[in-house]
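Okay, everyone, thanks for coming. Let me put this one up on the screen and walk you through a few spots.

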Amino acid sequence: MAPDSGDIWHSNPFPLSPVVRLGPSADLGNVPVEAADSGNATIGTPTTAELTALVDDYLGSRPTGGRRGRVIALVGEFGLGKSHALRKVYADLSGLPDPLAMWIMDEPVQDMGRMYRDRLRGPGDTPQGKRAFEELVRNYYAYATANRVDTQGSDARLGALGEIAAGLRGGSLDPDKVVSALRYDPEVIHADLRGTLGEVTEHRRFATALALLQDPSFNRMVWEWLNGGEPAEPLRERGITEAIGPAAGQGGHEDPAGIDRVFDTLAVQAVLHGRVGKPYALLIDSLEKVLEWRDEHRRTFMDAFERLVNIYASRGGLLVFCVSPSGLGELRQSVHERLVQLWPSGFDERLTGELVAAYVHAGRGGSASPGGSRGGSRGASPDGSAGPFDAEALRLLYELTEGVPREVLKTCRQAWQLVEDKDRLEGGPGAVREVPAARVLQAVRDLHEGVARRQVEADVRKALDIGQWRIASRDPVPVRLSSPPGSREEVLHWLSPAPNAYLAVILTRSVLVADDAERIAAQVHGLRSAVRPGRCEVLLVVNGHVSQAMQDRLGRSLGSRPLVYRQGGFAESVDKALRKLDGRLADGRREEGLVQLGERMRRDLEQQTAELAELRRAMTSWAPEPRRRALPAAGERTASSPGAPAPLLVEGPPEPEPAALDLPGPVRSRFQEALAVLDTVTRRVAGKAVKRRTTATSAELGVLGCATLVRALTENFRGAVAAWHRAAVPGAPTERQWNELRRICREYESAVEVLPVHLLGSPGPPHPLTAARTVEVLAEEVWGTLSAAGVS
């Protein structure tokens, strides 16, 4: 249902760059930033609800012994709203009646000193924050003094010292006056402070700085140092000799020690807040940026971050950070054990409609709940539309973006702009009454098909160069099939990795709707039908957008998932994909060969069965003669019986065929031994029937048939190895020739495995192996002998 024609919009309400950052101050205000970021509307999701509940639980917990710490990780890929949720936490915490101390790190950088000086937002950034921190230090000082008082017992001049300690802890007494009245040495208190901080960091200069912060003559100098500046000379004289954030080291790279100094500062301030029971928070965005650092800096950061996580968890802090799944995987198991993980996901269709409706509403001057107000956005209409976006447009928007908020906003802005531009071309003011589904499709194409076709083709050619792929000498199908007239799909290359086997590389634009997928599947089916079955695989390269659901659909219909073009390393991805498809073709050829071998074996077995039946009839009518008569030798046919079976009795090992004489001596001997073993089995079984002067039993005929068939297979194997040996490069066969020998050996092994060779029994005392074992290891021995010798 289209929106009411009376509704007209004149300004694009969707952000130009839908990215939320925590750093810039303009991004942290309470006024919506028009067309600047994605913070102008907040949609309630299960993740944001759970995050809010965790933060509220942290703020409300005051168990005996101190506040309970909480470390929360927002984990997910880009565009899912992690930073938006983190900024909502900032807005909620900033809006508390009694704002808590909070530090913000929008993303870690290697130059931690510069980040600390210029970008790390904390309590010291404002006069109110400075006053609150100085009060915190005084409270900590009072706690240390109270501990000292508790150890002194009582004093008749001042009454119960316990009451004084309680007054210090409650903030009703001035610690400086108490120290003066009790005549305590201030250095004793400073030593207590240094001892406590020593549990956290070895940089005890913090204790000196915080003690001097109470002295008006040192206050400004200490604040300059705490804000990242170089220490003044009076501070140097008291042991504070280095800045918290050192300048960039040689070559413009930050000294890794600077990372430790910055984290030590955050740890010390966490200890101060935790000791007096005050809530405090640290928010870090884009933690995965650390993975791009050099190894030394990355390890230093991870060590320091682990220490900070432990401090926040054990001393009552709130640490919330955003990280990608790969970044989360880099954290140590000890950190994982302290985390509460939240995994934002793409919006469902309802939430997608609410997001679009909220921005449309904000564009008309509505209150859109910037930065995280709860429930300030207006949902989609009852008919499923959201402003000018009708129900079909929203359905497509959800399916194509998979509900990823950033992609939804980018697509909406582009679709809206297309409608505006069309109205202006027609002489209008750029008014928007309706954004139909067709404009959503066009917007997705415009956003994702920015790379020139020529560049994609160049990267595919680079992949062919990397793998030295053999391009087919001619196309195996007519041009009308590989590049149909008017089609957006085209076969860029026909590759022929093996004779009569083909790989087709097809380039297409975005695959957005079912019609696109069906058209591609029909073309691929036509290509495979025109080539010999099982001899064609297809790599579909998409220059544009394909949703995960559509990739799954194409994978089922094509037999392989499409490869979406991405700049950077795409040629290597194409080469890798082609190698996998080539391996699939090779597997198909082997399977086809095994099927053919099995069919040939079935025919041979049928023939042997017929011959054995003839043998049974012959032996039934056979009368024993005074002298033993041998059956025909291997490979002979009797003149009276042209179709007679292969002979079963030989008086000695057969002479090798002329072709086998070309084999190396050790290989030839192994074949002769195997054939002799099979002949011995044949003589033994047939001899039992002769001695009994009866026809052979069914079991004996089965053994004779198996031995005869295995002998035929062994002779074929020997012939194939001999042919390979004649064709191999003398002394140095090529890799392709070695692969061919492996294939010959595997085919023999596979053929033997499917036959009941265990029935053959033992050939007799001269042979250490059974007949079955002899033929089972023959291929392995042939391969080992030839590969070890290198073929001479």
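So, helix H28, residues 778-789; helices here are DSSP runs of H or I, at least four residues, numbered from the N terminus. With 12 residues at 1.5 Å each, H28 should span 16 Å, and its end C-alpha atoms sit 17 Å apart, which agrees. That expected span is 1.5 Å times one less than the number of residues.

Quick note on the source: this is a predicted model, where local features need pLDDT of at least 70, side-chain atom pairs count only at pLDDT 80 or more, and totals for chains, interfaces and linings use all residues. Residues are numbered from 1 along each chain as its sequence is written, and side-chain values use heavy atoms, with hydrogens and water left out.

Which residues of H28 are buried? Leu778, Ala779, Val782, Thr785 and Leu786, buried being under 20% relative accessible area and exposed over 50%, with partly exposed in between (1.4 Å probe, protein chains only). Down the axis of H28, the buried residues fall within an arc of 135°, so they line one face; the arc takes directions from the helix axis to the C-beta atoms. Glu780 and Ala788, on the other side of H28, are exposed.

Over to Ala144, in helix H4 (residues 127-150). Ala144 counts as buried because its relative accessibility is 2%. Its C-alpha is 10.0 Å from that of Arg275, though Ala144 and Arg275 are 131 residues apart in sequence.

Technical notes. Helix = DSSP H or I, 4+ residues; strand = E, 2+ residues; numbered from the N terminus.
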